[in-house]
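Here is a short note for a colleague opening this model. Please keep the view at hand while reading the points.

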Amino acid sequence: MKILIAGSAWHDDLINVCAYGFRELDHEVTVFNDAIKTNEQTIQKISNRLGITKIATLFEQKHREAISQKLEDAVNICRPDFIFVINGSIYPAATIARIRRKYRIPVAAYIIDDPLLLKDWLFDVSQYSALFVIDKSWMGYLEYFVPGGVHYLPQVADHRAFYPTNISKKYDFCFGGTLSLRLPNAPSGFLRAQILNVLAEKKYKIKAFAPGIEEVFRYYPALRAIQYSNKYESHEALNMLYNESKITVSIHSPQFKHGISPRVFEAAFAKSFQLVEYK
């Protein structure tokens, strides 16, 4: 089967992990990375910062239209038998409906964030052939939009990237995950920063891969003293972090009621001693 996977590589590199899995099952896979910057997206971000809501909304729509067209171009070139979209919040319902109708193929979405986080997302998912979700608590309301087509599919980890090594332990604690206070991440950012701040105040040696961490310094100044990276790091770097730390702290986003973050599986593959809430 020819499969087209669409999604953003920065999102845990899930598009490439899924591509590897499908190829192991002898499918022919094409990857479309939809993390494409456009002029419309730049203007939208500037407008959001300036509080110009109407302009931001207009250029958000134009950005979505531009990415949708690039996806349709990729489908036209690839001519897949099946399309697997990671999250899919960027694609309007009309785009998915048009692709299904024109090419007569199923299009599924793998939902890894709560669709209640964005104002239009519940409507946009309604045109998919099937939805796969990582949290069972989302399934009930999604059934109203794709009746009989909602399925549970938890994330795991890439065993090629996460594994134990023999390096020495340099840090007491490590953490990997966003601390951004911008929606929809704000609740997660505050929760994670609160926990890490307690450890920082006790002067433990901490290293964190934490995009958005500088946004929380005004609330949790003790975090300035830890060693951190304010960006997404590669799986290889994250595996090194797990291996060079005595304890990995995994803190789920509040949006996950039953689902489990891939961080838990990654740390487990690395044989790291892990602290994580019970699920």
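How do the residues of the lining of the second largest pocket divide into nonpolar, polar and charged?

1. They divide into 14 nonpolar, 4 polar and 4 charged. Nonpolar covers Ala, Val, Leu, Ile, Met, Phe, Trp, Tyr, Cys and Pro; charged covers Asp, Glu, Lys and Arg; the others, Gly among them, are polar.

2. This is a predicted model: local features need pLDDT of at least 70, side-chain atom pairs count only at pLDDT 80 or more, and totals for chains, interfaces and linings use all residues. Residues are numbered from 1 along each chain as its sequence is written, and side-chain values use heavy atoms, without hydrogens and water.

3. The second largest pocket is lined by 22 residues. Leu14, Val17, Cys18, Val156 and Ala157 lie nearest its centre. Helix H1 (14-24) and helix H9 (262-269) each give two or more residues to this lining. H1 has the largest share, 7 residues. (Helices are DSSP runs of H or I, at least four residues; strands are runs of E, at least two; both are numbered from the N terminus.)

4. Now strand E8 (residues 206-209). Ile206 and Ala208 point one way, Lys207 and Phe209 the other. All are buried, that is, under 20% relative accessible area with a 1.4 Å probe, protein chains only. In a regular strand, side chains alternate between the two faces of the sheet.

5. E8 runs parallel to strand E7 (residues 171-176), joined by 4 bridges. Phe175 stands opposite Ala208. Strands pair if DSSP finds at least two bridges between them.

6. E8 also runs parallel to strand E9 (residues 227-229), with 3 bridges. There, Ser229 is the bridge partner of Phe209.

Methods. Buried < 20%, exposed > 50% of the residue type's maximum accessible area, 1.4 Å probe, protein only. 1 Å grid on protein atoms, 1.4 Å probe; cavity = no way out; pocket = protein on both sides within 12 Å on 5 of 7 lines; lining within 4 Å.
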